[in-house]
Every structure is written in C-alpha cells, then in structure tokens.
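This report is meant for a reader who has not seen the structure before. Please look at the sequence and the model first, then read on.

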2 protein chains.
Amino acid sequence: MTSTPTAGKAGRRRDPEKDAQILQATLDVLAETDYADVTIELVAARAGAGRHTIYRRWEGKDELILAAIACTDSADLGPDGLPDTGTLRSDFLALLDPNWMGGNERRLRILSSVSAMITRTTKAVDAVTKAIVDPSTAAYRFLIQRAVDRGEYAPPRNLDALAQVIPSMAAYRAFFMQQVVDEEFMLSIIDGVVLAALREPSAVNR
Amino acid sequence: MTSTPTAGKAGRRRDPEKDAQILQATLDVLAETDYADVTIELVAARAGAGRHTIYRRWEGKDELILAAIACTDSADLGPDGLPDTGTLRSDFLALLDPNWMGGNERRLRILSSVSAMITRTTKAVDAVTKAIVDPSTAAYRFLIQRAVDRGEYAPPRNLDALAQVIPSMAAYRAFFMQQVVDEEFMLSIIDGVVLAALREPSAVNR
DNA sequence: CTAATACGGCACTAGACAGTGCCGCAATCG
DNA sequence: CGATTGCGGCACTGTCTAGTGCCGTATTAG
C-alpha cells in the first residue's frame, strides 16, 4: 500500500519522506486535539502535503490514524532504552524526565485522543495495545524484575499487576482528571503504592 | 432553565418526567456509543421525545451532556451504600457485584465516551470529576480508612494514592485495553497491589 | 371558550468534512 | 523527447447533523 514503485515503471517516485512527515503530522494533531477534530485537511497542511498525497497512501482517515499509532516511537521503552541507575526507585524517576515526559506526556495525549476510535474499531484497540499499552507495561515489568533479580526486593506476588500500576494511574490522572503527571505525583505512586507493595528479600539484604 | 412555569401562567406545563427520561437516554447513548456519535436525534428518539423538547430545556448538545453526567447516579458510592463485610478484601469484592459491575461498567463507558469532550471543555472535566472520579476514589478511601480504624491494617503511607489504585487500573483496563473488569482481574489488583501495600499493624493484631 | 404554552413530527437551513476530479508542474524511465 | 506517475492546490459532490420554523394536537389558566 505504501510501497514505492521500484519496478521499471516510468514516472516520479513517491517521496518516502512524505510518509513519515504525514504520520508525524497525524500524531501531532492527534496529540493536540481530539480524534473527531483530526481532519485530513489539518494533517495535510501540517505535513505540507496535499490531501491526495494522503489518500494515495492510505485508504481513509481511520487507516491513516491506525498507521500513525503503529509508528509511535516506543523504541525508547525497550530494555536498551531504559535507565539503569542501581535502585528501582531512581530507575522509576529517571523514566520521568527525558523521553518520558514528552515522551510519555505525548503518548498519553495520543492515547486519550484515540479513545474515541477505540470504542468502535477492534483494530484501534490492537494498534494502541501493541504500540503504547504493552510497551509501557513491559518497561515497568522489566525494571521491577531486574530489581528483584539483583536482590533489591523479594519476588512480588503478582508482577504483571504491579507493572501496570504506574501506566494506569498516570493515564487516569492525565486523562480523566486532566492533571499533570509531575514528579510529586509519580513519587506518591512509587513510594505509596509500588514500592510499598514490594518486600525486602527476607534473607541476605544486598 | 429547566424550571417549570409554576407562576400563574397559562399553557401546558412541562413534563418533569421528560427531563429525567431525556437525561437517562443521553446516558444510555453515551454508554453505548461515543461522544461524537451522540446525536440529539438519537437521544430524542430514545427518550420518545421531539428534538424541540430537548432544545427547550438545554442550550445545546454540550449542555445536555454535561447535565447528564452531573446526574449520573453515584449515590450508591456514598458511605451508606458501601458494603461492610468485616474485612477489607471482601468489601472490595462486594463492590464488584451489585451496582458496581453495571454500575461501574456503565460509569466506565460513560467516562470513556466523554473523554472526547474532556480534552476541550473545562466544564466537562469538572462535571466528570465531581460525578464519577471523586466519588469512586472517596469510596475506596473510605473502605481502606475504615479497615485501618478497626485495626485490620496499619495506616498507609499514602492513603490517597492507594485509594486511586483500583479506579485507575479498572478504568485503564476497561477503557484502553477494552477488556472486562471481572473478578479475576480485580483480585489480582486487590491482592497483588492494594493489600500488598498495606501492612499488618505491628502491635496488637485484632 | 380563548389565549398561551408544551409536545411530537416534519421540513428546512447552514456549516463542516470526507472523498474525488481536474489542473499545472516536477521527476523519472525508456 | 514522450509517456507515466507523484505532488500541491482548487473546486466540487455527498453526507451528516446542529439548530430552527411550522403544523396539528394536548394541556392548563382565567
């Protein structure tokens, strides 16, 4: 669908840059307004493109948005992009700064904008799950597991549930309460919930 | 605005029932579809009313929806409506059944539908906060505090954060993950997070 | 009864937006 | 060069829906 006519066809080639520009513009608009307010016109203008250029590459509005979600940059949430500060608490805090709050703030806004779509399309749920929800949970699961492995805490009763605490509460606050997810809030969750639910290993302590 | 002409005016009186029917229909539609798909036509049809009857009472679509949110029945979340089973764990579980899942399932759906509105209007945030977010948090805060008061657990480090765990994680799951908030899931949060973060009182135990 | 208001149903206006067609220009192949 | 395709911009169609006006009917005060 987005393939460039590499064959021996005549004619001008599709600009691969445009794909990225359009998807990025889509994410920008999605992060700033709401799904219903995302117009192709707006995206095209933002990307410096014509509407046709968009319709030539994607079936329609929904397909475009799904593609944009799928290319949300979650690479920084892979094990390699995660901080390793020595303690779980400061790992959590390190996530707050660089990619995370601007990074995450953006992810949260996109997440909320797409919510309208989620209630209708199964594909949207899949896209959001794959691009945003799963990577976030996986990142926290990784950090906690690593802390357990190095003996900082005893293995938790339910790692998966614990790994979802911060994404859930941050999303709830940013989205439904429309309040900033700042360090103060994060600390209240980290200390008051996640770390509180973890126990020191009963035997040797460090 | 919704006042019935009680003065010595002539003419047919406004049907007070209609107010409730229309607001209820609005909530129904909100719970089933999405904010953008809530048409006055749909609400009117559901309420067995004409569109004029709606416009006669509210300024427009947004006002109607705000009014509907405000009348979400959260009375069952007051202290009097909450279960008192003797232990915090079974209190939590009791919330899952009666008003809660059908009750809460409905609240969650409405919450998600209004999300589109939240990103634009401050009033919507206020309405949702007052009608849904705050009552939910308050209910859990009450249950936890009561358990602490009767000596079941030691006072938590951060009661407010803890009280938001279940609403947040339930909303996140129901909304962004589009998965059912069933007993299995609730138990994983209750045991794996909330109760894990609470400690037995160090001194006399019960 | 008469005047005034509420009600449901229908038709209408106005605006917004998805999607398409066309034009002129740019790039690329043979 | 000529054919073919990509591109931005403009105009157009079709649809959907908020909001309003009108009609016939029902209700109520005086």
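## The model and its two protein chains

This is a predicted model. Chain A and chain B meet in a contact that takes 35 residues from chain A and 35 residues from chain B. The area buried between chain A and chain B is about 3,500 Å². Carbon and sulfur atoms give 66% of that area. On the side of chain A, Met169(A), Tyr172(A) and Phe176(A) supply 19% of the area that chain A buries against chain B, more than any other three residues.

## DNA strand C

DNA strand C is surrounded by 30 residues. The closest come from both protein chains: Arg13(A), Arg51(A) and His52(A) from chain A, with Thr53(B) and Arg57(B) from chain B. By class, the surface near DNA strand C is made up of 14 charged, 10 polar and 6 nonpolar residues.

A backbone N or O atom of Gly48(B) lies 3.0 Å from a phosphate oxygen of DNA strand C, and a backbone N or O atom of Ile40(A) lies 3.4 Å from a phosphate oxygen of DNA strand C. For Gly11(B), a backbone N or O atom is 3.4 Å from a base nitrogen of DNA strand C. The elements that give two or more residues to the surface near DNA strand C are helix H3 (51-55) of chain A and helix H3 (51-55) of chain B.

## DNA strand D

Around DNA strand D there are 29 residues, and Gly11(A), Thr53(A), Arg57(A), Arg13(B) and Arg51(B) come nearest. Of the atoms of DNA strand D that come within 4 Å of the protein, 65% are accounted for by sugar and phosphate. The surface near DNA strand D divides into 13 charged, 10 polar and 6 nonpolar residues.

Arg51(B) has a polar side-chain atom 2.4 Å from a base oxygen of DNA strand D. A polar side-chain atom of Arg56(A) lies 3.3 Å from a phosphate oxygen of DNA strand D. A polar backbone atom of Ile40(B) is 3.2 Å from a phosphate oxygen of DNA strand D. H3 of chain A and H3 of chain B are the elements that give two or more residues to the surface near DNA strand D.

## Two aspartates in chain A

Asp34(A) is found in the loop between helix H1 (16-32) and helix H2 (40-47) of chain A. With a relative accessible area of 1%, Asp34(A) is buried, because buried means under 20%. Leaving aside residues up to four places away in sequence, Asp34(A) touches Ser113(A), Ala116(B) and Thr119(B).

Asp19(A) lies in helix H1 of chain A. At 11% relative accessibility, Asp19(A) also counts as buried. Asp19(A) and Ala47(A) are 28 residues apart in sequence, and their C-alpha atoms are 9.5 Å apart in space.

## Cysteines

How many disulfides does the structure hold over all chains? There are 0. Cys71(A) has 33% relative accessibility, and Cys71(B) has a relative accessible area of 34%. Both values fall between the limits of 20% and 50%, so Cys71(A) and Cys71(B) count as partly exposed.

Conventions. Residues numbered from 1 in each chain as written. Chains lettered and ligands numbered in written order. Predicted model: local features only at pLDDT ≥ 70, side-chain atom pairs only at ≥ 80, totals over all residues. Heavy atoms only, no water. Disulfide = S-S within 2.5 Å. Buried < 20%, exposed > 50% of the residue type's maximum accessible area, 1.4 Å probe, protein only. Near = heavy atom within 4 Å. Polar contact = N/O pair within 3.5 Å; in protein donor to acceptor, adjacent residues only side chain to side chain. Helix = DSSP H or I, 4+ residues; strand = E, 2+ residues; numbered from the N terminus. Nonpolar A, V, L, I, M, F, W, Y, C, P; charged D, E, K, R; others polar. Contact = heavy atoms within 4.5 Å. Buried area = accessible area lost by both parts, 1.4 Å probe.
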